[in-house]
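Thanks for coming. I will go through one structure today, region by region, and keep it short.

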Amino acid sequence: MNNPINNKKFQDPNYTLNGDVRATVPFKKFKTLWFNLGSQCNIECKNCYIKSSPRADHFVYLKPNDILPYLDEIDLISRNRIEIGFTGGEPYLNPDAIELAEVVLERGHKLLVLTNAMRPMMRPKVQKGLLSLKQKYGNRLTLRVSLDHYTDIGHDKERGKGSYRIAIDGLNWLNENSFHINIAGRSEFSECEDDAIQGYHKLIKKNKWKINLDDREALILFPEMDEKIDVPEISKDCWNILNVNPENMMCATSRMVVRRKNETTPSVLACTLLWDDKQFETGKILKDSLKPVKLNHPHCSKFCVLGGASCSA
């Protein structure tokens, strides 16, 4: 990371700039296994953490044979069924997205799909597949729709003019067909979080979406990840100072599988956010990935420790 503000921080995996022992997160158990279905997206957001776009090909589309070995590994590692997450890019650009979902759901896992609910999801073939999955597996399938702001101006500022209206149409279709829906928004720097939550609540009520507002997982607001902003490093002592439990960090309970362009087999990453930093690539199989994670990146501090956020449910 070549940030002029942070260029002296987050360099040594073992120690902070001040010489304190860097915080690490031991792996506890699998709560969520993420699969990045491909980095391509139908739109290009201003602040996309994974640099997705219609031209992005750093992660190629996963195929059923890519994910099956990892599902087999989960059977050996975890006694219980877990949450499987699909992310991207836009997952529904992957031509095998519905088949991949079937593979996961028929094994008894819950499936969380992160989607922008725009045209890739609304193609007739995908709609038909989703309706079939809904009929077979009910609420074990959850679609988390990215709605960056509760207003068209705020959302379109990030995702492009007209994208809000298209996403609302997609949300309406999901609601009309009784899918289990969550919403993921962004915490604007200039906006009080309580005001943002109230704005989303009004939007949900206005559209009569069947979203349980008492469910903390139904609406998630992610902190912004601006690498131009200076953030503190997290030392081992910070857990007690901040009264934060390392077991609550995302990397204590999840990993992400990707297949990079020009690589014949997938890789396992420690974090869904840190896709382009090799120190967070943990190997080719899940068993090798269950090592403690050293919090040697600004996102570890901003998003997880200080922001209290998690991509998992």
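Where is the place of Ser 178? Ser 178 sits in the loop between helix H6 (163-176) and strand E6 (180-187). Helices here are DSSP runs of H or I with at least four residues, strands are runs of E with at least two, and both are numbered from the N terminus.

Before going on, the ground rules. This is a predicted model, in which local features need pLDDT of at least 70 and side-chain atom pairs count only at pLDDT 80 or more, while totals for chains, interfaces and linings use all residues. Residues are numbered from 1 along each chain as its sequence is written, and side-chain values use heavy atoms, with hydrogens and water left out.

Back to Ser 178. Its phi is positive, about 60°, although Ser 178 is not a glycine. Ser 178 is partly exposed, at a relative accessible area of 36%. On that scale, buried means under 20% relative accessible area, exposed means over 50%, and partly exposed is in between, with a 1.4 Å probe and protein chains only. Asn 243 also has a positive phi, near 55°, in a residue other than glycine. Asn 243 is in the loop between H8 and strand E8 (254-258), and is exposed, with a relative accessible area of 71%.

Next, helix H2. Seven of the nine residues of H2 are buried, so this helix is largely enclosed by the rest of the structure. Among the buried ones are Leu 100, Val 103 and Val 104. The cover over them includes H1, strand E3 (83-87), strand E4 (110-115), H4 and strand E5 (141-146).

How do H2 and H4 pack, and at what angle? Helix H2 (residues 97-105) and helix H4 (residues 124-137) pack at about 10°, with axes 10 Å apart. That makes H2 roughly parallel to H4, a label given to angles under 35 degrees. The axes are lines fitted to C-alpha atoms, for helices over the stretch in contact, and the angles run from 0 to 180 degrees between N-to-C directions. From H2, Ile 98, Ala 101, Glu 102 and Leu 105 meet residues of H4 including Val 126, Leu 130 and Tyr 137.

Now the loop between strand E2 (32-36) and helix H1 (64-77), which holds Ser 52. Ser 52 counts as buried, at 5% relative accessibility. Beyond its neighbours within four places in sequence, Ser 52 is in contact (heavy atoms within 4.5 Å) with residues including Cys 41, Glu 44, Gly 88 and Gly 89. The peptide bond from Gly 88 to Gly 89 is cis, with omega near 20°. Gly 89 is in the loop between E3 and H2.

Last, salt bridges, of which the structure holds 18. The term means a side-chain nitrogen of Lys or Arg within 4 Å of a carboxyl oxygen of Asp or Glu. Arg 186 forms another with Asp 148, at 3.2 Å between the closest N and O atoms. Arg 186 lies in strand E6 and Asp 148 in the loop between E5 and helix H5 (152-159), so the pair ties together parts 38 residues apart in sequence. Are these two residues buried or exposed? Arg 186 is buried, at 16%, and Asp 148 counts as buried, at 4% relative accessibility.

Technical notes:
Parallel < 35°, antiparallel > 145°, perpendicular 65-115°, else oblique.
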